[in-house]
Amino acid sequence: MIVKEFRELGRDRRTLAMLVALPLLLLIVFGFAANFTVSSLHVTVVGPGAAAVAEQLTTAPQVTQVFHIDAVDPTGTDATARDSLRDDVSDLAIVTGAGKPMVYIDGSNLFAAQSAKIAVAKMGSAVDSEVLYNPDLKTSWVMVPAIIGLIMTFIGTIITSIGLVKEREAGTLEQLAVMPFSSAEVILGKITPYFLLAAIDMIAVTVLGMWIFSVPFNGNVLIFALGAAIFLFVVLGLGVFISTISKTTGQAIQAAMMVLLPQVLLSGMIFPLSAMAAGVRWIGYLLPLTYFTKISQGVMLRGAGLSTLWVPIVVLLAMAVVIFGAAVIRLKRSISPAGRAVVRSASE
């Protein structure tokens, strides 16, 4: 029996990879990703004394390794500084004038905000500071918008991934070949009920998160709905794609878990992307949850508009097209010509 089990494991390469390769991969990748310290903060300096303050920040030994000056605008105003945080251009903005400089900190970026408060504290009484969009630096305010996406990723990927696999296990997958539908129409038909149910779940989770944790919703509901709809289409399409490369429900769940794990730790939801090693950070930019988190946090906490969030929306849209196209191609290949002939002859 022991020899038999080893032989079966040797044939099941997916299970063998999860037992041996996956733990090693997770150790290496997450070991580099697990970092809460943000060592570089992007700064915008505005006002009449912007140039002088920027020069001081780049030469002051206590902060020179922390502050990275992105923009110096002597004609900028208080509104300019606030807009740079709302649009996610900077982690903090400094307004100069007749009195002490005023430092605004973006509280929606929790770890950067914590590092910014420490850096500002080192400057002593030379400046005044205020945290925007999350004044008390509540973890729940930052986590809830990301958790909304994580829950939808979990539901969409896991549940949808077993859709076509059930057809395969029941022996009815080949019957789809003789139905008057294209592969794209079959997939749309498969994911539409899940899409509607997941949308209801997303609304419920969002409302409950706002109610229980007092998370604000400062932005446009339509922008949030647009980003959420595209994101749902991506994760549901990903679930269908997984189902087309899996022969059993167990394999589909295994593949879905391998997709879910990186999204938990590498999307910026727990560990900030800016604090990750460069060799690991690029993985985060390939994950749909990364971009939905940018949208949800931007809309809910900062009230960001479409002019700020169009990049993550376009990236999610591109992901939806690629994943849906891949799922269609895989579905066509998964229905063998022999199986089609058998079904057609049986129906005749």
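How many bridges join strand 3 to strand 4, and do the two run parallel or antiparallel? Four bridges join strand 3 (residues 92–95) to strand 4 (residues 102–106), and the pair is antiparallel.

All the views below come from a predicted model, where local features need pLDDT of at least 70, side-chain atom pairs count only at pLDDT 80 or more, and totals for chains, interfaces and linings use all residues. Residues are numbered from 1 along each chain as its sequence is written, and side-chain values use heavy atoms, with hydrogens and water left out.

View 1. Two strands count as a pair if DSSP finds at least two bridges between them; strands (E, at least two residues) and helices (H or I, at least four) are DSSP runs, numbered from the N terminus.

**View 2. Strand 3 has both of its faces covered.** Leu92 and Ile94 sit on one side, Ala93 and Val95 on the other, and all four are buried. Here buried means under 20% relative accessible area, exposed means over 50%, and partly exposed is in between (1.4 Å probe, protein chains only). As a rule, side chains in a regular strand alternate between the two faces of the sheet. On one flank, strand 3 runs parallel to strand 1, joined by four bridges, and Val43 stands opposite Leu92. Strand 3 also forms a hairpin with strand 4, with six residues between them. In strand 4, Val103 is the bridge partner of Ile94, and Met102 is the partner of Val95.

**View 3. Pro74 sits in the loop between strand 2 and helix 4 (78–86).** With a relative accessible area of 46%, Pro74 is partly exposed. Skip its neighbours within four places in sequence, and Pro74 is in contact (heavy atoms within 4.5 Å) with Gly47, Pro48 and Ala50. Ala50 is 24 residues away along the chain, yet the C-alpha atoms of Pro74 and Ala50 are separated by 5.3 Å.

**View 4. The loop between strand 5 and helix 6 holds Tyr133 and Leu137.** Most residues other than glycine have a negative phi. Leu137 is buried, at 15% relative accessible area.

**View 5. The largest pocket has a volume of about 800 Å³.** Of its 37 lining residues, the closest to the centre are Asp88, Asn109, Leu273, Lys294 and Gln297. Helix 5 (110–122), helix 6 (139–161), helix 12 (288–302) and helix 13 (306–334) are the elements that give two or more residues to the lining. Helix 12 has the largest share, with six. By class, the lining divides into 17 nonpolar, 13 polar and seven charged residues. The classes are simple: Ala, Val, Leu, Ile, Met, Phe, Trp, Tyr, Cys and Pro are nonpolar, Asp, Glu, Lys and Arg are charged, and the others, Gly among them, are polar. On a 1 Å grid over the protein atoms alone, a pocket is an open set of points with protein on both sides within 12 Å along at least five of seven lines, a cavity is a set where a 1.4 Å probe fits but cannot get out, and lining residues have an atom within 4 Å of a point. Grid points are joined across faces, edges and corners, and a volume is the space filled by probe spheres set on the points.

**View 6. The second largest pocket has a volume of about 230 Å³.** Its lining has 14 residues, with Met202, Ile203, Thr206, Phe224 and Ala225 nearest the centre. Helix 8 (183–213) and helix 9 (221–244) each give two or more residues, and helix 8 gives the most, seven. The lining has 13 nonpolar residues, one polar and no charged ones.

**View 7. The structure holds one cavity of 30 Å³ or more.** The volume of this largest cavity is about 50 Å³. Thr160, Gly163, Leu164, Lys190, Tyr194, Val240 and Ser243 line it.
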